[in-house]
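Biologist: Could you take me through this model, starting with the overall picture and then moving to the details?

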Amino acid sequence: MKLNIKKYGLIPAVATAFAFTACTGDLDVTPIDPNLDTPENVLTSNDAYNQILAKCYIGLAVSSADGPGGGPDIEGIDGGFGQYLRALFNLQELPTDECVMGWNDQTIKDLHGLQWTSSDVFISACYSRIFYQISMCNEVMRRIGNTDDATLKQYKAEARALRGLSYLHAIDLFGNVPFTDENSEVGGANPQQISRADLFNWLVKDMEECANDLPANPEKYRCGKGMVYMILAKLYLNAQVYTGTANYAKCAEYCQKIIDLGYKLESAADWYKMFCADNDQLLGTGHELIFSVYQDHINTQAYGGSTYIVCASIGGNMNPADYGLGGDGWGGIRLTPQFVNKFDETADQRARFFTDGQSKAIADLSNFQSGYAYTKFTNLKANGSMISGANAFPDTDFIIFRLADVYLMLAECQVVGGVSCDGIARFNDIRTRAGVPAIANPSKQDIIDERGRELAWECHRRSDLVRFNQLTTAEYLWSHKGMNSNVGTPHAVDAKYNLFPLASSDVMSNTNLQQNPGY
């Protein structure tokens, strides 16, 4: 069953509180007595700890306790573009060949143009949301403390895993960042900055320990061993970028651990179901989805997450109802022609382009019909019907990790890292499922191209291009790379854009922080 979120009360220590049911994995919100509104008074039972743990989960899905129009959790950050998953998508997809944006909102076009500054509001939104999430998880761990209670140990491990996910985003996007954990003083001195390499080492150790207290087959939407192993695999996949030393062997080791847990690749006939409104049916061992963020058109209304992806990808001659929307499309994001060219449009089932009235070339970034639309994600159920009562907020859960990525990481470990594993066979499992021929001896370029085709718009592309040295260099150019205007030609850019700047407001207020080079 999906989450059932209702109106809830407040815990000042973590801003809001939900109640986690113990057996079904649902989030069932219940109010806390306002006369017992301090953490010391409220946190007297496992159920109460469930409530604040749930805020760590739902913090990935919504930016406000009061719905899409309510005041955001973070003061000064717009609740729409400051939502965690929307902010992550903007930074991981808009700077790449996979996505261009048609809107003129503030500095949004600077992201695809690879010409942002340290005061960019979209970068600051993502930065703030990541560290807000980390602080919430720290608070849960701090409140639980040391315990022999098995249930509380698991709750603490779940908060630890969610913190690990946010630190994975922090190390990838921002490099050397302010560091806090559950032992940090609350309200004390400004956090110290940790180097990227030191954060890598700390996070590896933290996640290895965390995995010991998590189930192999978790309840729906909750953290399990597979989710933490994915964090570890991602860290080792990018070890060269984060530490200066590659470690594909450890990446392959954790990929195999995930496979051994019993996750299974979906069939060719079921591939599209992972991107539909009832994709929760494919979540968990025995299926492909390893960890997803819950989305619901009533209970998690927000202008981010899957709502952002589905609504912003619909415009022009597209009929929103054909994609399960009860409201209008937003007409914003679509594909570059260079990315479209990576697909065999006649054979590859992943080539889900809308072309009626759309030009393949992008002559005008601000015109939605300039560039093919992409219909991978919809708000239709797998059987093609609409969710009952559906409106402008899709029910399609936001995928964080799935097994296809594991298969493609193994392929990279073998082809690029020289690790002895069955990566090429796994690589071709992905290709044949998509309906395209196997490649007996895939090249390094074949690996990154396949990652693009399979994982498009799933918030991996920028990281992959950085790892393959293609984001900022002239090795690979795409429409409007290095430019946000409608004149000129795409070009290589300063290598500083392989990393985002720390939020300038944070650097100015915390003298312990040194800005990333070039900003």
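This is a predicted model: local features need pLDDT of at least 70, side-chain atom pairs count only at pLDDT 80 or more; totals for chains, interfaces and linings use all residues.

Biologist: Which residues have the most contacts inside the largest nonpolar core?

Modeller: They are Phe174, Met227, Phe291 and Phe401, in a core of 150 residues. Such a core is a set of buried Ala, Val, Leu, Ile, Met, Phe, Trp, Tyr and Cys residues joined through side-chain atoms within 4.5 Å.

Biologist: What does Phe401 touch?

Modeller: Not counting residues up to four places away in sequence, Phe401 touches Leu165, Leu168, Met227, Met230, Ile231, Lys234, Leu289, Ile290 and Phe291.

Biologist: Next, Arg402: where is it placed?

Modeller: Arg402 is in strand β8, residues 398-402.

Biologist: Is Arg402 buried or exposed?

Modeller: Arg402 counts as buried because its relative accessibility is 1%. Residues touched by Arg402, again leaving out those up to four places away in sequence, include Glu288, Lys376, Arg433, Glu454 and Glu458. The C-alpha atoms of Arg402 and Gly226 are separated by 9.6 Å, although these residues are 176 apart along the chain.

Biologist: Changing topic to helix pairs, how do α7 and α8 cross?

Modeller: The axes of α7 (residues 196-211) and α8 (residues 225-237) come within 9 Å and cross at roughly 160 degrees. The two helices are therefore roughly antiparallel. Angles under 35 degrees count as roughly parallel, over 145 as roughly antiparallel, 65 to 115 as roughly perpendicular and the rest as oblique. The axes are lines fitted to C-alpha atoms, for helices over the stretch in contact, and angles run from 0 to 180 degrees between N-to-C directions.

Biologist: Which residues of α7 and α8 make the contact?

Modeller: Among them are Phe200, Leu203 and Met207 of α7 and Val228, Leu232 and Tyr236 of α8. By class, the contact has 12 nonpolar, no polar and two charged residues. Here Ala, Val, Leu, Ile, Met, Phe, Trp, Tyr, Cys and Pro count as nonpolar, Asp, Glu, Lys and Arg as charged, and the others, Gly among them, as polar.

Biologist: What about α3 and α5?

Modeller: The axes of α3 (residues 84-93) and α5 (residues 121-144) come within 9 Å and cross at roughly 130 degrees, which means that α3 is oblique to α5. The contact includes Tyr84, Leu88 and Leu91 of α3 and Phe122, Arg129 and Gln133 of α5. Its residues divide into nine nonpolar, two polar and one charged.

Biologist: How many residues of helix α11 are buried?

Modeller: Eight of the eight residues of α11 (residues 305-312) are buried, so this helix is largely enclosed by the rest of the structure. What covers them includes α3, β1 (100-101), β5 (333-334) and β8.

Biologist: How do α3 and α11 cross?

Modeller: Their axes come within 7 Å and cross at roughly 50 degrees, so α3 is oblique to α11. The contact is made by Leu85, Arg86, Phe89 and Asn90 of α3 and Gly305, Tyr308 and Ile309 of α11.

Biologist: Finally, what is the phi of Gln106, and what is that of Leu114?

Modeller: Gln106 has a positive phi of about 40 degrees although it is not a glycine, and Leu114, also a residue other than glycine, has a positive phi near 50 degrees. Gln106 lies in the loop between β1 and α4 (108-112), and Leu114 is in the loop between α4 and α5. At 57% relative accessibility Gln106 counts as exposed, whereas Leu114, at 1%, counts as buried.

Conventions:
Residues are numbered from 1 along each chain as its sequence is written. Side-chain values use heavy atoms; hydrogens and water are left out. Helices (H or I, at least four residues) and strands (E, at least two) are DSSP runs, numbered from the N terminus. Contact means heavy atoms within 4.5 Å. Buried means under 20% relative accessible area, exposed over 50%, partly exposed in between (1.4 Å probe, protein chains only).
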